[in-house]
Amino acid sequence: MPELTIVSGDEAKAKSSEELFAALVSSPQGLSSAEAENRLTQYGPNALEEKKEHPLLKFLSYFWGPIPWMIEVAAILSALVSHWGDLTIIVFLLGFNAIIGFWEEHEAGNALAALKSQLALKAQARRDGAWQQVEAGNLVPGDVIRVRLGDIIPADVKLVEGDYLSVDQAALTGESLPVNKGPGDIAYSGSIAKQGEMSALVTSTGGNTFFARTAKLVESAGAVSHFQKAVMRVGDFLIFIAVGLSLILVVVELHRGLPVLDLVEFVLILVVASIPVAMPAVLSVTMALGALALSKMKAIVSRLQAIEEMAGIDVLCSDKTGTLTLNQLTLGEPVTFGLADPQEVITAACLASRAENRDAIDEAVMDGLKDKSPLQACALMKFIPFDPIHKRTEATVEEGDKTFKVTKGAPQVIMELCHLEGDIRAKAKGMVDELAAKGYRTLGVARADNGDAWRFLGLLPLYDPPRKDAAETIAQAQAHGIKVKMVTGDNVAIGREIARQLGLGTNIQPASDLFPKEGECELGGAMVDKIEKADGFAEVFPEHKYNIVKALQGRGHLVAMTGDGVNDAPALKQAEVGIAVSGATNAAQSAAALVLTEPGLKVITHAVEEARRIFERMMSYTVYRIAMTISIMVFVVAAMLCYNVFPLTAMMIIILALLDDIPIMTIAYDNTYLSPTPVRWEMGRVLTVSTVLGFLATIESFLLFFLGRSVLELALPQLQTLLFLRLAAGGHLLLFVARTKNEFWQAPHPSWQLLTAIVSTQVLAVLMCGFGWLVPPLPWDLIGYVWVYIIVWMIIQDISKLGLHALVENRSGHKRRFLEVVNQPLHSHPAP
């Protein structure tokens, strides 16, 4: 017996049916049941494979990384010194962050399961010489199957017998109209038969199908969140500071003879108070509240990090069919030949249609007829359906005592049928070409009365119209600094016309020019330049969309991708923000980070605005938290090294941590500045501003320590309370400085939730210091002087912040201008 082979998609297209039967050791009579069983063992089931990771291992992975490491070290130190209360709180925070991350990953992993649900469940196969129903998962290469109206094609097949098959493969290729196929053509797994019936030879199953390539792309797709990168970098920065200062303190104090247990206890408390133990939780709550706000706008967030990513997107790749357009074939303005009323042309076309067939073209023609009363006066005597050989429909109609025929179909066929010649033929052909250039598909319509010759009535243009709000949405996105690129499986002419109507531009690149080889993903610089400059892409397949997104990401763009079909799933998952529009398939919804629940794209611009506000809140908290870490850690360590005293008690440090982190949760409700352009984690700016603010706060604390010790000559307990009040009150005033790039008193003003939380903690801190709750008391007049001192330093910090932002912005502007000059083509520079 000859060795069985796996036939690729290209081979199946190139070989004849006879050659494929020979290659697959099969015949038009199909396989025997025994042979099918053997091949099932060899080829495997007709299903998608999935690599599964043990859920426990996946969950444990969330305990690995800079922030978890810091929290885990703090937990170990808590256990060593028997601080069980601290240990409980720390473990709770650690578990909370891990559970949130694990759940998000679990939900995102549903994309592959949704793709599997798209596959056909049953198939008609010829086994042992007879037609029988088999499980689609048991089909093997070499099987002969029957495909008829309404069937989901269960595998990649070569059509071998029958007149024709009209196949809807929009979910796979994005083509807006069904494709007519005949003997020798390939039909893809997952597409749907809309008309006709044919026998077919199974060429590829399971992981070797065209459909499976989409699934594999979804499985491998996914970009690392910029939020995760930012948290990792902040974690690295704070680890460096915390570990470095702790080591210095431990070495010096051990040399001075401080008891090891006391030192470990104090370092533990200092580390727990300084490192951002609650940082992931604060940021997660901020994004979760943002997700709740978006849900009220009819947008469901399935991956929290996507909110932060959405704030920075600068390219929106939008699927055309069903996203920018209605995915609803619509009749345009008829072109008449000799008839004054265009409705007469449409009436004739309606008579040559059958509503019960649910054909997209027939439905568009029927919907275009305003007055349907003429149809009721006619009786259908005979109907010949469309087939790809004759390329037209024909009806014999009886109206009273008259009998006539009507036909509609491909314009060139109808013109030949009517024997058009001379100027009339030239005019008709010219109109067809003109409409095609605008992206319209055309039908010719003719009528023959009482056995007379066919008379050409006119042309009916058909198109998939843009959504009513699409142009407005695109304009809003562009106003927000987002470049919109259209992606479609339709031809260039259709794509260019829709893009023109929507104000996108007309630089539509055919995917075949960008990806000359099937599946090619390594692109040269010139091709990536074309992708960057293009207004859209036509004749696109799933791997093209995926690679377009990757190419743009390679150039530093943050990419959002909208779509609704299976063909969009890989690109939706690869993009920083995948957006499944209303009515999208399960596969698209599961791969997306944002799912729209009402038609249109208008909600996207609102989502971008909300995401940018959320981003500003996270940025404010990050700057504040780094500055506070530096302020507490550097001051306490430096004071101990210089004066060999504890500037704060362990209880004070724990209270500070509570006063800082618990109310800070309300920053999720804060009012923020709305950036008109995409925003990103500028870590250079974040670390520079927060470090300077932190060191200014350290100087503020050190100067107060000096004044209290040397000028006011306070005893150590009162000096510690003085510094506690400075850090408690000054810490939250520092948040007012960090939360905006403008002067702290200018709009946007703090939300009532944030203001109430901060005022409450300030009042509590003052009362504690005045009445001596948990800390040694201070005189009320001294508390007042401390507040004046803190406010003066707050103004100094705000002025420094404004100068830093101006300096960083100036340097960024110089860098942008330099890059613009460097990247200009040589010929654009004037000759000296």
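Reader: Does W681 count as buried or exposed?

Author: Buried means under 20% relative accessible area, exposed over 50%, and partly exposed in between, with a 1.4 Å probe and protein chains only. W681 has 14% relative accessibility, so it counts as buried. This is a predicted model, where local features need pLDDT of at least 70, side-chain atom pairs count only at pLDDT 80 or more, and totals for chains, interfaces and linings use all residues. Residues are numbered from 1 along each chain as its sequence is written, and side-chain values use heavy atoms, with hydrogens and water left out.

Reader: Which aromatic pair does W681 form with F615?

Author: A pair of aromatic rings is described by the distance of the centres and the angle of the planes. Rings of Phe, Tyr and Trp (its six-membered ring) pair if their centres lie within 6.5 Å; planes under 30 degrees apart count as stacked, over 60 as edge-to-face and the rest as tilted. F615 and W681 are edge-to-face, at 5.3 Å centre to centre and 65° between the planes. F615 is buried too, because its relative accessibility is 1%.

Reader: How many aromatic pairs does a search of the whole structure find?

Author: The search finds 14. One of them joins Y188 and F210, whose centres are 4.3 Å apart with planes at 25°, so this pair is stacked.

Reader: Where does the charged end of R146 sit?

Author: A charge sits over a ring if NZ of Lys or CZ of Arg is within 6 Å of the ring centre and within 35 degrees of the ring normal. The charged end of R146 is over the ring of W131, 4.3 Å from its centre. K427 has its charged end over the ring of F337, 4.7 Å from the centre.
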